[in-house]
Amino acid sequence: MTSAVTSTPKPTALITGASRGLGAAIARELAPGHELLLGARSRESLGGILAELPEATPWPVELTDYPAVAAAAAGIGRLDVLVHNAGIADLGTIADSSVEQWRNTVEANLIAVAELTRVLLPALRAADGHVVLINSGAGLRAHPGWASYAASKFGLRAFGDALRQEEPALRVTSIHPGRVDTDMQREIIAGEGRDYRPEEFLRPETVAIAVRQAIETPRDGHPTEIVLRPY
């Protein structure tokens, strides 16, 4: 007589900004152990990473369209991991910045994160889940020309600190990488008028490994903050 073997379902992870760069690297790193929901503004933009990870599920939604976010989240009953990776970097001095620049930056990097987390709280609570916030070195210190971006990332850190205390059944990890070798970084360096040298920056894969290690930390440990700097 043979006994039936029941397999334990993989935990589910939702990654925003998963179409390229760091988000795609995180998706590749988590794929072996997770059912993936891959977030991006459009399904078309996810074509490349879905070709690599055909078992992943696309989750296309504009994160600042809050009714659309609520509708997309409504079908998620249980969520083990939420990785907030999507964001923008629209840099400039305070003197040259505009209300629109400040509003767009804070909206994308902070308000959209707070609202997506809020609508997914029931699913996260059902799994005693883990929220991972991809922050920045700019969330620890501000530099000239980075005021609006740093303000959004300082706010993101505060959001994580409050969420961690309000939802003690969840784990909340803020990850603060230094500059990462991505297309966004190339745009920033071009704006600074410098030559781009990939070796000066963290590899996306390195940050993705840190995300996985935080998630895989045994439950008796709570990795609250991880800081990575280029070596």
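**Note on side-chain contacts**

1. Searching the whole structure turns up 12 salt bridges, counted where a side-chain nitrogen of Lys or Arg is within 4 Å of a carboxyl oxygen of Asp or Glu. Bear in mind that this is a predicted model, where local features need pLDDT of at least 70, side-chain atom pairs count only at pLDDT 80 or more, and totals for chains, interfaces and linings use all residues. Side-chain values use heavy atoms, with hydrogens and water left out, and residues are numbered from 1 along each chain as its sequence is written.

2. Arg28 and Glu52 make one of these bridges, with 2.7 Å between the closest N and O atoms. Arg28 sits in helix 1 (residues 21–30) and Glu52 in helix 2 (residues 47–52), so the pair ties together parts 24 residues apart in sequence. Helices here are DSSP runs (H or I, at least four residues), numbered from the N terminus. Arg28 is partly exposed at 36% relative accessibility, and Glu52 is partly exposed at 43% (buried is under 20% relative accessible area, exposed over 50%, partly exposed in between, with a 1.4 Å probe and protein chains only).

3. For Glu205 and Arg203, the closest N and O atoms are 3.6 Å apart.

4. On the aromatic side, the whole-structure search gives one pair. Trp146 and Tyr149 are edge-to-face, at 5.6 Å centre to centre and 70° between the planes (ring centres within 6.5 Å, using the six-membered ring of Trp; planes over 60 degrees apart for edge-to-face). Trp146 is buried at 15%, and Tyr149 is buried at 9%.

Note on methods
Phe/Tyr/Trp six-rings, centres within 6.5 Å; stacked < 30°, edge-to-face > 60°. Helix = DSSP H or I, 4+ residues; strand = E, 2+ residues; numbered from the N terminus.
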